[in-house]
Amino acid sequence: MEKPPRLLSHHLLLKNRVYEVTLNCAQLTWMKKQRVSRTLQKSCKVGSVCVPVCEILAVREADVEGRGKTGGRWQRLSRRPAEGYPYAFTVSYVERVKQHRWRCRDVTFQCADRAVRQQWIHSIRDQLSKLTGRPRHLLVYINPHGGRGRGKQIYEEKVAPLFSRASISASVIVTERANHARDHLKTDADLKKYDGVVCVGGDGMFSEVLHGLVSRTQRDAGVDQNRREQRLVPCPVRIGIIPAGSTDCVCYGTVGVNDPVTSALHIIVGDTQPLDVCSIRHADALLRYSVSLLGYGFYGDVLTDSERRRWMGPVRYDVSGLKTFLAHNYYEGTVSFLPATDVAGSPRDKTTCRAGCSRCLKDSQAYGTGNCVRGRDQGGDWRVIRGKFLAVNAASMSCACPRSPGGLSPSAHLADGTTDLILVRKCSRASFLRHLLRHTSPQDQFDLSFVEVHRVRRFCFTPRRSERQGDPVCSSWNCDGEILPHASVDVGVHCQLIRLFARGIEDIATP
């Protein structure tokens with residue numbers, strides 16, 4: 001493949017050594033100047049560093065005394081410029097560290113001439129200005145009470161300085177009540193002023209922004225989201241997630257780590273990851289939207305019990321999980337679903353959704369963004385399963401988290417227009433424990449006789465109300481950490497309805 005032509009190339013000083021520094025439209029490269037070995041009398045090759053232009057955050061001046069200028073102030077550099085190189089500039093860029101984490105790294109080059117320094121600064125800024133996907137103005141919502149109540153501190157100490165360095169302006173709203181962000185997005189926010197919406201908090205905060213943005217988009221487009229036959233319009237504004245909650249499942253499943261700095265850097269470079277959204281309805285009325293877990297039975301009971309223990313903080317999930325496991329309740333019902341027979345792969349094919357997933361791209365092009373199967377009368381081979389279930393789960397993404405790196409469905413895709421329907425039938429406590437433990441191990445959690453999984457476009461669940469004394473009547477649905485008021489639901493997947501400031505989980509080997 002032919003390399004892009006050079007825009008600039010000079011010998012510059014870096015940490016008191018001369019480097020050959022080169023810029024083209026794709027990358028910034030610096031390499032130690034080749035030296036001659038006195039013993040072998042030949043040139044010695046020295047390694048180089050390449051930074052993609054799309055991952056350069058900013059460039060700024062450094063004065064003659066070795067201090068970098070940032071935000072109107074001068075920051076002293078670690079080394080005094082060597083004699084003959086009195087001018088300097090600093091480039092901030094993304095550096096990958098272990099476990100999908102990103103960090104902001106600074107490199108300072110020193111020049112012999114002021115004009116050369118200005119030429120480099122101008123050329124790098126010119127290349128950055130051509131990256132049209134980068135945000136310049138953001139609307140930020142901060143939940144001050146989520147997780148351990150550190151949302152505001154996390155934003156001010158870790159995120160705001162990075163936004164400032166990248167010349168991103170932010171309008172910040174600290175929420176004062178539940179659904180504050182949702183209601184503000186629905187009615188008051190002037191979305192034309194912003195390139196994206198950022199939420200600082202947990203999955204509940206993200207859910208608020210999701211509902212507000214989807215509702216606002218449908219209203220502006222004249223779409224009645226309560227009518228099943230309506231095709232929803234994809235949201236034009238991207239959503240950024242700064243993790244500051246208890247689980248942060250959505251962030252972990254789309255970035256690979258719950259780290260505020262990593263998420264902020266994904267926002268700055270303007271990454272885009274489309275995401276499917278499930279609409280949950282009851283008796284033709286829209287209840288909620290979901291992007292990760294929709295769980296009935298075990299996960300619904302855990303959430304219901306944990307809501308009574310919010311005073312305990314994140315540990316409440318462990319306590320409620322143990323209590324629910326010991327209760328070992330099962331629920332009778334009927335599941336009907338439309339298998340996604342038109343997509344490649346299955347929930348057990350061991351292929352995981354990664355950055356730039358070709359399967360999501362192919363399936364979404366065939367299915368259409370925002371689309372959703374609307375009714376049985378539109379065809380398809382619907383299947384019906386009746387039984388007693390410990391859990392009925394739908395995973396639109398892997399639902400991975402630090403405690404369960406594989407998630408509920410490790411091979412679920414983010415943007416292919418499907419969800420993985422997982423049915424756990426009544427079994428012994430020991431067998432159910434085996435299933436739960438496999439969420440934390442590489443073992444196939446579906447390779448159990450009482451567990452089945454289907455990749456579906458749409459499904460319906462109807463509970464059978466037991467009349468036997470002592471049997472639980474109905475469970476509740478856990479919808480991305482929120483309790484739904486009805487047990488009977490109709491769920492459809494809207495392909496790529498929203499976009500996040502993310503790029504999907506990268507392979508570890510990705511440079």
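## Confidence of the model

The protein has a mean pLDDT of 89, and 89% of its residues reach 70 or more. The structure is a predicted model. Over residues 36-45, pLDDT stays under 50. For that stretch the model has ten contacts beyond four places in sequence.

## The nonpolar core

The largest nonpolar core contains 63 residues. Tyr141, Phe206, Ile498 and Leu500 have the most contacts inside this core. Helix α4, which covers residues 203-220, gives the most to the core, with six residues.

Phenylalanine 206 is one of the residues with the most contacts in the core.

## Histidine 184

Histidine 184 lies in helix α3, residues 180-187. Its relative accessibility is 19%, and buried means under 20%, so histidine 184 counts as buried.

The side chain of histidine 184 makes a polar contact with the side chain of tyrosine 141, at 2.6 Å. Not counting residues up to four places away in sequence, histidine 184 touches Tyr141, Ile173 and Ala189.

## Helix α7

Helix α7 spans residues 298-307. Eight of its ten residues are buried, so the helix is largely enclosed by the rest of the structure. The buried residues are Phe298, Tyr299, Gly300, Asp301, Val302, Leu303, Asp305 and Ser306.

Key
Residues numbered from 1 in each chain as written. Predicted model: local features only at pLDDT ≥ 70, side-chain atom pairs only at ≥ 80, totals over all residues. Heavy atoms only, no water. Buried < 20%, exposed > 50% of the residue type's maximum accessible area, 1.4 Å probe, protein only. Helix = DSSP H or I, 4+ residues; strand = E, 2+ residues; numbered from the N terminus. Core = buried A, V, L, I, M, F, W, Y, C linked by side-chain atoms within 4.5 Å. Polar contact = N/O pair within 3.5 Å; in protein donor to acceptor, adjacent residues only side chain to side chain. Contact = heavy atoms within 4.5 Å. pLDDT = per-residue confidence, 0-100.
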